Amino acid sequence: MGVYELVRSEDAAGPALDLEAGRCGPAPPAKASPPAPRQQRLVSLDVFRGITVLLMIIVDDAGSFLPAMNHSPWEGVTIADFVMPFFLFIVGVALALAYKRVPDKLDATRKATLRALKLFCVGLVLQGGFFHGVRSLTFGVDITQIRLLGILQRIAIAYLVTALCQIWLKGDDDVDSGLDLIKRYRYQL
């Protein structure tokens, strides 16, 4: 059974009381284990991801009645045309940070492939598979409505190719200058 201690605030007067040990006085110092190192998150990438998701929601909802928010047919560019490139940029930066040091390349490849397959399947389900006729009686898979290369499927393919390049083609040299950066990523370039 563990030791229970009375927790007291800094401004409380008097010695500490250990009820289970039956003593009054300062408690013996506990063995402090070093805290597990917590990986730092790139806050700017999280903020950019949140802004991109917000932009995606605004474009999906406001694109029907605001022409500046809708996709341009062929000529010109609107704000909606930047959502997918923003997501691909976020994926690339996140992959570069996640696969900076890879101890087991086969395990990392397996995880990246499974993640890409899951994203591809979610894209199939969302883009014409199950949800194309929710308000009518045609709910279910309609093979004529399935879009095989929708947005999520394209992001999954780009993710898989980039992850495999980041895992297998990257050198293990440290980067000190611009020339070292080119030397480290020469196969990817």
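# Helix pairs and salt bridges in a predicted model

Visitor: In this predicted model, how do the axes of α2 and α4 lie to each other?

Guide: The two axes come within 10 Å and cross at roughly 25 degrees.

Visitor: Why is α2 called roughly parallel to α4?

Guide: Angles under 35 degrees count as roughly parallel. The crossing of α2 and α4 is at roughly 25 degrees, so α2 is roughly parallel to α4. The crossing itself is right-handed.

Visitor: Which residues of α2 and α4 meet?

Guide: On the α2 side they are M84, F87, L88, V91, L95 and A96. On the α4 side they are I151, R154, I155, A158, Y159, T162, A163 and Q166.

Visitor: What makes α1 roughly antiparallel to α2?

Guide: The axes of α1 and α2 come within 10 Å and cross at roughly 155 degrees. Angles over 145 degrees count as roughly antiparallel, so α1 is placed in that class relative to α2. Here α1 passes α2 in a left-handed crossing.

Visitor: Why give both an angle and a distance?

Guide: Because two packed helices are described by the angle between their axes and the distance between the axes.

Visitor: Which residues of α1 and α2 meet?

Guide: L45, F48, R49, T52, V53, L55, M56 and V59 belong to α1. Their counterparts in α2 are V83, F86, F87, F89, I90, V93 and A94.

Visitor: Why is T52 called buried?

Guide: Buried means under 20% relative accessible area. T52 has a relative accessible area of 1%, so T52 is buried. This residue lies in helix α1. Leaving aside residues up to four places away in sequence, T52 touches V83, F86, F87 and I90.

Visitor: Why is L106 called exposed?

Guide: Exposed means over 50%. L106 has 60% relative accessibility and therefore counts as exposed. L106 is in helix α3.

Visitor: How far apart are L106 and W168, in sequence and in space?

Guide: In sequence they are 62 residues apart, and in space 9.4 Å, from C-alpha to C-alpha.

Visitor: How do you know that D46 and R41 form a salt bridge?

Guide: The rule asks for a side-chain nitrogen of Lys or Arg within 4 Å of a carboxyl oxygen of Asp or Glu. For D46 and R41 the closest N and O atoms are 2.8 Å apart, so the pair meets that rule.

Visitor: What makes D46 and R49 a salt bridge?

Guide: Their closest N and O atoms are 2.8 Å apart, and the cut-off is 4 Å. D46 and R49 both lie in helix α1 (residues 43-62), three residues apart, which is about one turn of the helix. R41, D46 and R49 are linked in a network of salt bridges.

Visitor: Why are D46 and R49 called partly exposed, but R41 exposed?

Guide: Partly exposed covers values between the buried limit of 20% and the exposed limit of 50%. D46 has a relative accessible area of 26%, so D46 is partly exposed. R49 has 28% relative accessibility, so R49 is partly exposed. R41 has a relative accessible area of 59%, so R41 is exposed.

Visitor: How exposed are K111 and D107?

Guide: K111, at 44% relative accessibility, counts as partly exposed. D107 is partly exposed with a relative accessible area of 27%.

Visitor: How many salt bridges does the rule give?

Guide: The count comes to four, among them the ones described here.

Visitor: How many helices and strands does the protein have?

Guide: There are five helices and two strands, and along the sequence they follow the pattern β-β-α-α-α-α-α. Buried residues make up 19% of the 189 residues.

Visitor: Where is confidence lowest, and where highest?

Guide: Confidence is lowest in strand β1 (residues 17-18), with a mean of 52, and highest in helix α4 (residues 151-168), at 90. The protein averages a pLDDT of 74, and 63% of the residues score at least 70.

Terms used:
Residues are numbered from 1 along each chain as its sequence is written. This is a predicted model: local features need pLDDT of at least 70, side-chain atom pairs count only at pLDDT 80 or more; totals for chains, interfaces and linings use all residues. Side-chain values use heavy atoms; hydrogens and water are left out. Buried means under 20% relative accessible area, exposed over 50%, partly exposed in between (1.4 Å probe, protein chains only). Helices (H or I, at least four residues) and strands (E, at least two) are DSSP runs, numbered from the N terminus. pLDDT is the predictor's confidence in each residue, from 0 to 100. Axes are lines fitted to C-alpha atoms, for helices over the stretch in contact, and angles run from 0 to 180 degrees between N-to-C directions. Angles under 35 degrees count as roughly parallel, over 145 as roughly antiparallel, 65 to 115 as roughly perpendicular and the rest as oblique. A crossing is left-handed if the near helix is turned anticlockwise from the far one by less than a right angle, and right-handed if clockwise. Contact means heavy atoms within 4.5 Å.
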